[in-house]
Amino acid sequence: MSLLKIVRLGHPALRTKSKAVTRRELKSKEFQKFLENLAQICDKNDGVGLAAPQVGINKRVIVVHVDPKNPRYPNKKPFPLTVIINPRVVTKAKQLKEDWEGDLSCNLRALVPRPKTCKVNGLERHGKPVTYNLINNFHARIFQHEIDHLNGVFLLDRVKRKETISEPSEWKKYWKSKNGKPNKAGNSHL
Ligand SMILES: [Zn+2]
């Protein structure tokens with residue numbers, strides 16, 4: 001059983017720039033166990049992504065997993081459970097797209113504009129370099145959202161239309177089925 005818990009907005013770990021993971025650290029049993037725990041916590045909470053600062057650990061690690069079995073995202077293109085160490089956005093589209101985002105650390109959602117696509121470099125869990133060419137907007141959004149966490153940036157910082165910042169009950173009431181609002185995708189829970 002993992003003792004790690006998701007921290008809530010206001011916790012300093014969510015506003016701290018995280019440290020790069022060293023090769024030596026990556027090879028340790030303890031760190032590998034941490035990676036497993038982080039992935040489990042992401043799945044247990046039906047998240048599509050989780051960053052280490054969200055469990056109070058300021059290391060540059062993210063998890064992404066778009067599982068077709070996830071009840072929150074029945075219609076999203078799947079992305080296998082993936083742990084990325086020291087991830088970095090190397091290129092991103094000029095064109096932005098707005099979509100709803102939420103967060104496991106805070107019960108709010110809002111429309112967040114982000115580059116539509118991006119390319120991310122990093123290391124897989126044993127230290128092999130990996131590159132993800134994220135042409136699917138939802139996938140690109142998750143990666144960007146999680147990498148933001150590593151820099152102490154929270155989704156609310158990126159919101160342009162502040163009036164869209166909503167609690168779930170009000171989101172359902174006022175935003176869910178508004179015409180012209182990109183809400184078909186529902187809320188991202190990252
Ligand atoms: Zn998040």
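Between which two strands does the loop that holds Pro74 lie? Pro74 is placed in the loop between E2 and E3; helices (H or I, at least four residues) and strands (E, at least two) are DSSP runs, numbered from the N terminus. This is a predicted model, in which local features need pLDDT of at least 70, side-chain atom pairs count only at pLDDT 80 or more, and totals for chains, interfaces and linings use all residues. Residues are numbered from 1 along each chain as its sequence is written.

**Pro74**
- Pro74 counts as exposed because it has 9 C-beta neighbours inside 10 Å; the cut-off for exposed is 12 or fewer, for buried 20 or more, and partly exposed is in between, with C-beta atoms placed from the backbone.
- Between the C-alpha atoms of Pro74 and Leu155, 81 residues apart along the chain, the separation is 23 Å.

- Beyond its neighbours within four places in sequence, Val61 is in contact (C-beta atoms, placed from the backbone, within 7 Å) with Val21, Leu35, Leu38, Ala52, Val83 and Ile85.

**Strand pairing**
- E3 and E6 run antiparallel and are joined by five bridges; strands pair if DSSP finds at least two bridges between them.
- Val89 has Val120 in E6 as its bridge partner.
- Six bridges join E6 to the antiparallel strand E7 (residues 129-134).
- The hairpin of E6 and E7 has five residues between the strands, and Gly127 in the turn has a positive phi of about 100 degrees.

Methods. Contact = placed C-beta atoms within 7 Å.
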